[in-house]
Amino acid sequence: MTALDTAAQAPLRLTQIVRRTPVTAGLVVVLLCAALLSGSLFHPLSPAELAEVGAGDTRPAVGLLTSAFWCSGPLACAMTIGLALLLGPAERRLGSPVVLGGLIGGQVVGTAVGLAMIRVLAATGDVWARQLSGTVVVGPLPGLLAVAGLATAGASALWRRRARVMVSIILVALVLYSGTTGDVVRLSGWFVGLAAGTLLRPHGDAVPAQHVSRREKRALVALVVAVTAIGPLVAALSSAPAGPWAVVAHLFVSERPDHAMLRAVCGHGGDLTDCRVLQARARLTGHGPALLTLLPVLLQLVLAEGLRRGRHAAWVAAVLFTGLLTVVGGVIVKMVLRTPADELPLLAARPGSLPAVSQVAPVVAPLAVLLLLLLTREGFAVRAAPGAVRRWLTTAGAGLALIAVLYVYLGSAMSRQWAVAASPGALLADLPWRMLPPGYLGEVLAPLVPRYEGTRLLADWTGVAMWTVLLVTAVRLVRPAAPASDAALARALVDRHGDGALSFMTTWVGNRYWFPPDGSALVAYRVIGGVAITTGDPVGPPAARAAAVLGFTAFCEEHGWTPCWYSVTDEVTAVLAASGLQQLQVAAETWLPLGTLAFTGRRWQDVRTAMNRAGREGVQARWITWAEAPLALRDHVARLSEEWLAAKGLPEMGFTLGGLDELTDPAVRCLVAVDRDGEVRALTSWLPAHRDGVPVGWTLDVMRRSRSATPGVVEFLVGTAALTFQAEGAEWVSLSGAPLALPPGAADRGMLTRLLELTGRTMEPVYGFRSLLAFKAKFQPQYRPLWLVYPSPADLPRIARAVSSAYLPHVSVGQAVRLVRALARADSR
């Protein structure tokens, strides 16, 4: 197609867009025309013009609607029109009448509610609200945000939660830190849209998002940490921050004292102490103090990224950092409450006296983040490689020590350039103050005040150097590290001798390792409540496995632990048969031999039908690994997985059941079903089993399907994977076992077996273990028993509690209540 053809078709395409989204097109046209007529497309509107067209307490009620058509200036116009274009997708989805109603209703009601809240607060004497009273607002953002909130009601569970949490956090932060009238009405417009979506959504349209996966929880906590880190800078960069927490910005950015004040205080007859304080504050500007303001924020953003990845080291560092900010904030609050307003620069930075909410902001803001981190501790269990923390302490400590030595040495060499003579001890005592952002130093003067250029440079840049060391070393600490020590030895054994169906699971996060003296084998385990639970059989050469079984059992007895051989094969039970331990079948592994597999004959009808249907509907199977997959495809996979978990609304299980975190290993292969539109409809992941370093089998781990996927799409993926592995020379495929589900003909061990089956039937409506076993039966597998081997029936209650904790390690009270309710609803049907 030539450029002329493209140009000729442009009007037609534009007409089609206008027909599909008339409300969006009309709003953009009105905004452009209003901007051209008022001149706001080229220069800011004057206060008189804003008062004429905006919405406010003193404006007629019609201004609540007409204010949506105007912009305050060129930048606001560009941003508003850009956001108005985003209305198009919502209009195509919700329909033009709904979007028009949401836009008008959200604009009018959201603006009215926001202005009413300001009026009520101002009537109570609130300083912040009185400052906002009488101001006017323009722009359609309250209505646009109301439509966005309305649209989230029909979104999937995952994206509904993501959008609502993310937008709410950002808008609340803007109100707290920037605090303009526009921020308030935008927040109220968003909440009006959320309320309308909740009230108008037909029952059953979307599944409530009742549970957050580990991965999603990490992302949300990281978002909160990042927003609260950036918030003070947002207030500092705002032209006139007025929010209740805007005072925190003055702890990061110091305002230069007025020249007239400097001349008056430092002139003839002025107070020498006050003069030195004002001179010190006057020097807290420039490149060094600017970086000193920025680096702590960058460090918090680095820690937020570490939290998103689930790094335990990032969690510890974030707790320590926010704890320190809370303590320092408490000192500032104490100073604020004890110091008269006319003597405190922090209060002098804002007219009038501060309301109580602002006075406690320096301690409340970091304390809220600290409590959030403590409450979500269980989500950050990815440990650093052994020795990583020690190396970080060594590197960071050495860097900080070197800077301290240089500061003392250079400061002593220039001791006469300080306001008072500086001894090495005084310089060491002064050093921590140099790490405080400039605003803190504007409130609390450091012990040593530089008088000349040399000491000023030293004072300004020492803190920058120390923060840089912490930032650089923190980046290395929180990013994923290569396995070392026990983890590296375990991975090497698994890659060479891990030919069991569960062998690769021993490399997952949360396992500990036991090795015999010669290091020829390993047993992966975790200790919960004094019970040592293994992850399947030992890994190693066949000749070393029997000795490893006996050795680990003795190791547990030496440590006072109850040995619990969980999901082990007949090979382990045979070794322990003479030791007097008990055994109970807890699952059946579904084993599919390869070599002559062909989906022919009547018994394969279900699988063959699923594969044929996928071909007719244009669904393709695509092999990927997480690291090599395109970003868009990874996003589709993550969205599908999170939606699947969110729709269940139940706690995410772990231990021998993998999730999205386990897909990132380069050895894990994923097979996804992609439709004609490029959307991922289903996902399966496969774990390798090696013998002498060569893959001889593959184990099915993750299975996910979208709610809109056609029936049989997972059967299509499993069948395709089995044929692929057979063509590659693999010997078998394991479809894994289903906990609490036994196939027909399983060994009956009396009351315990019947109790296990009862538990499986009880949990079936919630987790569907028996349905999962029935699904795997479509592939005509061989059933291999998986056993629990334990010392005595008296240990079973402790073992049951430990195994439950392994699968569901972090069940909150709310999740437990939802689980009980789900079981009760299923029982009543």
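**Salt bridges and a buried serine**

Arg669 is buried, with a relative accessible area of 18%; buried means under 20% relative accessible area, exposed over 50%, and partly exposed in between, using a 1.4 Å probe and protein chains only. The model is a predicted one, in which local features need pLDDT of at least 70 and side-chain atom pairs count only at pLDDT 80 or more, while totals for chains, interfaces and linings use all residues. Residues are numbered from 1 along each chain as its sequence is written, and side-chain values use heavy atoms, with hydrogens and water left out.

Side chains of opposite charge can pair when their charged atoms come close. A salt bridge is defined here as a side-chain nitrogen of Lys or Arg within 4 Å of a carboxyl oxygen of Asp or Glu. The structure holds 13 salt bridges.

One of them joins Arg669 to Glu728, with 2.9 Å from N to O. Glu728 lies in helix 29 (residues 713–728) and Arg669 in strand 7 (residues 669–674), so this pair ties together parts that are 59 residues apart in sequence. Helices (H or I, at least four residues) and strands (E, at least two) are DSSP runs, numbered from the N terminus.

The side chains of Glu715 and Lys778 meet in a salt bridge of 2.6 Å, N to O. Glu715 is in helix 29, and Lys778 is in the loop between helix 31 (769–776) and strand 11 (782–790), so the bridge links distant parts of the chain, 63 residues apart. Glu715 is buried, with a relative accessible area of 10%, whereas Lys778 counts as partly exposed at 27%.

A further salt bridge connects Asp499 with Arg691, whose closest N and O atoms are 3.7 Å apart. Asp499 sits in the loop between helix 24 (485–497) and strand 1 (512–514), and Arg691 sits in strand 8 (residues 680–691), so the pair ties together parts 192 residues apart in sequence. Arg691 is partly exposed, at 35% relative accessibility. Through salt bridges that share partners, Asp499, Arg545, Glu571, Arg691 and Glu731 are joined into one network.

Is Ser706 buried or exposed? At 9% relative accessibility, Ser706 counts as buried. Leaving aside neighbours within four places in sequence, Ser706 is in contact with Leu640 and Arg681, where contact means heavy atoms within 4.5 Å.
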